Amino acid sequence: MDDALAFSALVLALSGQLVQEIHARVSQQGFEDLRPAHGFAFARISLGGATTADLAEHLGVTKQAAAQLVEELVRKGYVVRHPHPHDARARLLGLTEAGWAATRAADQAARAAVVPWREALGEARFSELVADLTRLTPPGPIRPVW
């Protein structure tokens with residue numbers, strides 16, 4: 001396998017492993033009703049100013065799919081809709097206290113999930129890897145996801 005294919009395969013494998021590890025840890029902290037897709041939604045909503053259309057773009061899904069996800073999260077008590085100050089048709093999304101609690105659980109889980117990687121690479125190399133990945137990451141707001 002050439003370096004480009006190896007890099008792609010390795011990053012995808014690590015990403016999948018990380019998402020599953022974070023999800024398992026979040027579930028263990030009492031959020032069994034959440035799926036990894038919810039974490040990606042929380043990541044965008046937690047930044048503020050998100051509408052369902054913004055969430056659809058962030059998740060790479062249709063507005064209809066995002067609306068269904070939002071409705072599920074509202075029903076479960078993790079998300080609320082607020083009037084948009086500039087667009088009467090749109091609603092701003094916000095996290096409830098339960099949504100913020102799940103986000104804090106995910107942040108804690110994300111830190112714990114990379115402990116083995118940090119130990120395997122050592123503190124200096126791990127920090128260098130984070131710096132390298134930061135250079136490769138597209139610009140825009142970044143929030144840990146699960």
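Mentor: In this predicted model, F40, A41, R44 and I45 of α2 meet D54, L55, H58 and L59 of α3. Sorted by class, the contact of α2 with α3 has 5 nonpolar, 1 polar and 2 charged residues. The two helices, of which α3 covers residues 52-59, pack at an angle of about 125 degrees, and their axes are 10 Å apart. The crossing in which α2 passes α3 is right-handed.

Helix α3 also packs against α4, here with an angle of about 110 degrees and with axes 8 Å apart, and α3 and α4 are therefore roughly perpendicular to each other. On the α3 side the contact involves T52, A53, L55, A56 and L59, which meet K63, A66, A67, L69 and V70 in α4. The residues of this contact of α3 with α4 divide into 8 nonpolar, 1 polar and 1 charged.

Turning to the rings, the structure holds 2 aromatic pairs. In one of them, F31 and Y78 are tilted, with 6.3 Å from centre to centre and 50 degrees between the planes. F31 lies in the loop between α1 (3-28) and α2 (36-45), whereas Y78 lies in the loop between α4 (63-75) and β1 (79-83), so this pair ties together parts that are 47 residues apart in sequence. F31 counts as buried because its relative accessibility is 12%, and Y78, at 5% relative accessibility, counts as buried as well.

Y78 also takes part in a pair with F42, where the ring centres are 5.8 Å apart and the planes stand at 50 degrees, so this pair is tilted. It, too, links distant parts of the chain, since F42 belongs to helix α2 and Y78 to the loop between α4 and β1, 36 residues apart. With a relative accessibility of 1%, F42 counts as buried. Taken together, F31, F42 and Y78 form one aromatic cluster.

Notes. Residues are numbered from 1 along each chain as its sequence is written. This is a predicted model: local features need pLDDT of at least 70, side-chain atom pairs count only at pLDDT 80 or more; totals for chains, interfaces and linings use all residues. Side-chain values use heavy atoms; hydrogens and water are left out. Rings of Phe, Tyr and Trp (its six-membered ring) pair if their centres lie within 6.5 Å; planes under 30 degrees apart count as stacked, over 60 as edge-to-face and the rest as tilted. Helices (H or I, at least four residues) and strands (E, at least two) are DSSP runs, numbered from the N terminus. Buried means under 20% relative accessible area, exposed over 50%, partly exposed in between (1.4 Å probe, protein chains only). Axes are lines fitted to C-alpha atoms, for helices over the stretch in contact, and angles run from 0 to 180 degrees between N-to-C directions. A crossing is left-handed if the near helix is turned anticlockwise from the far one by less than a right angle, and right-handed if clockwise. Contact means heavy atoms within 4.5 Å. Ala, Val, Leu, Ile, Met, Phe, Trp, Tyr, Cys and Pro count as nonpolar, Asp, Glu, Lys and Arg as charged, and the others, Gly among them, as polar. Angles under 35 degrees count as roughly parallel, over 145 as roughly antiparallel, 65 to 115 as roughly perpendicular and the rest as oblique.
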